[in-house]
Amino acid sequence: MVTGGRRAAQRTGPLAGPVDLPGLEVAPPGVLPVPGNRWDLALAVAPADARDPGDARDPADARDPADARDPAGTCDSAAAHSGAHSDARSAARSAARSAARSGAHSDAPARGGPPAVTVVVTHFEQPRELARTLHALTRQTGAGTTWRDVEVVVADDGSREPPAVPDGVRLVRQPDRGFRAGAARNLGAAAGRGEVLVFLDADTTPEPGFLSAMVRLPACCPEALVVGRRRHADLAATDPAAPVEQVGPQRELPAPAWLDDAYAASRDLLDADERSYRFVIAAVLACSRWLFEGLGGFDETFRAYGGEDWELAARVWRHGGLLAHAPDAVAWHDGPDWAGRDEVERRARKLDETLAVARRLDGPGATTTGLRLGPPDPVVVVAEGLDPTGVAVCVDSLLAALPRARVHLSRADHARLGGADDRLRLGRPDLRTASRLLEVRRPVRGPAAGWRAVLDALTGGDAPGAVGVGGEGASGDGPGDGAAEWLRLTDLRTVRRRRRWARAGAEGVDALFGETTLTGLDLRPVAPDASLESYLGGWG
């Protein structure tokens, strides 16, 4: 059961290692701290010309996801948020509103005028499609209001001949060494100067309002990664200069229903969680240059179709970024979705893509549970001064339940217990790419369900920032009470956000993060007189 509710997160000691990437240690000036994934609060205090037309809400009127329907009025998600966390939501909402009213965003780039934008168009052997997309970019609306100026960079992924581009468009190229769209996008981004980056594929042609709709949120919320709406049409026989907003609907092909359903169910990703990276598509993507460069851009080790956009989105989330869908940012893909292509090829490529992602991600639903393909999760740190026998019992019980965990021990007499098991390491972990940190403060043991319940408590968009685990008689007098807590699980995403905002001088940060105390789990302390022999033999 859960007791103690959510409280303002505090720490009684340092984390076990660095958690920040150097480029994201400090937020841009004027960043607005928001609870959860509440990018709508950032839009609510943005300059009027950065919002949707007619949206002039006071930040105090920005609604909580639990209280109202989605901005488009199409999906009620109140049932997704309930009782145990209502007080924390209220406190977080108040803190964000207070920060907004106090002018925490006053020095953000949007306050100094619309941003400069770099559009990176990735290309490989599609000259006709590229011509259509480049023409559509000359028809974009919003100049001087949503964006200041636009530069277009075509990033060619090794075509046999350089594609023709009009004057004013820059072309950068890389050798053909397989499908390296991520590397090509990085090359294009590096060649530009814009404060906001927008990514398109050559065969994905934007409607006139696409750019304004994509730039709106990153311009006022530099922590946001925004995905547009990709529709599908057979454009092969159409004039590249024809208005795509007219010919697209006339020749429309089916769109993936699962993606539309996900955007509706999450209210355009306002209710995103650690699994929502699956709804991000690199063909229609935008973010601030600060976020992109701070994260290191796309992972260039992807050498086959798909997966590099999911990995980037998961990395954005892990490092405290926000995910958003802009349904009015429409671009038309020339051809069917993958579901409409050859079944054998589609299944083979999808398997390769899923395995590539699973080898790089550590979150629930992203990687395997038995096979150890992805990074360790959680990273476990065992406190000094614990009895070696208790540590041996605890670590065996933990790894039986959570085989993908990695345990860091601080004493040689602890580390020798693992023998050849490479999941045990001596020394402090580097947490820069980790998602969750589990601190063992007292050796405990129990069935797999007990251990998994601890991890489940930090799953979901409304999860707290930390979970303490104690016994039935835990006093619960305060976070980090070493006398009461046996275990502490921390979501490192919240740690990164809190540190980044605090370093930028933002106010009201602590109120945005809570914690839960768990008791009544089927976990119990290892008895002081326990022996490893009795534990293994089943009689103690």
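Start at Glu 311, which sits in helix 9 (residues 308–318) of this predicted model. Glu 311 counts as buried, at 6% relative accessibility. Show its surroundings: leaving aside residues up to four places away in sequence, Glu 311 touches Asp 299, Phe 302, Arg 360 and Leu 361.

Next, select helix 11 (residues 388–401) together with helix 13 (residues 448–456); they pack at an angle of about 75 degrees, with axes 8 Å apart. That angle makes helix 11 roughly perpendicular to helix 13. On helix 11, display Cys 394, Ser 397, Leu 398 and Ala 401; on helix 13, their counterparts in the contact are Ala 448, Trp 451 and Arg 452. Sorted by class, this contact has five nonpolar, one polar and one charged residues.

Now turn to the salt bridges, of which the whole structure has 26. Select Arg 132 and Asp 334, whose side chains meet at 3.7 Å, N to O. This pair links distant parts of the chain, 202 residues apart: Arg 132 is in helix 3 (residues 127–137) and Asp 334 in strand 10 (residues 322–334). Both Arg 132 and Asp 334 are buried.

Move to Arg 185 and Asp 201, a salt bridge at 3.3 Å, N to O. Arg 185 belongs to helix 4 (residues 181–191) and Asp 201 to strand 5 (residues 196–201), so the bridge ties together parts 16 residues apart in sequence. Arg 185 and Asp 201 are both buried.

Finish with Arg 488 and Glu 515, bridged at 3.4 Å, N to O. Arg 488 is buried, at 1% relative accessible area, and Glu 515 is buried at 1%.

Conventions:
Residues numbered from 1 in each chain as written. Predicted model: local features only at pLDDT ≥ 70, side-chain atom pairs only at ≥ 80, totals over all residues. Heavy atoms only, no water. Helix = DSSP H or I, 4+ residues; strand = E, 2+ residues; numbered from the N terminus. Buried < 20%, exposed > 50% of the residue type's maximum accessible area, 1.4 Å probe, protein only. Contact = heavy atoms within 4.5 Å. Axes fitted to C-alpha atoms, helices over the stretch in contact; angles between N-to-C directions. Parallel < 35°, antiparallel > 145°, perpendicular 65-115°, else oblique. Nonpolar A, V, L, I, M, F, W, Y, C, P; charged D, E, K, R; others polar. Salt bridge = Lys/Arg side-chain N within 4 Å of Asp/Glu carboxyl O.
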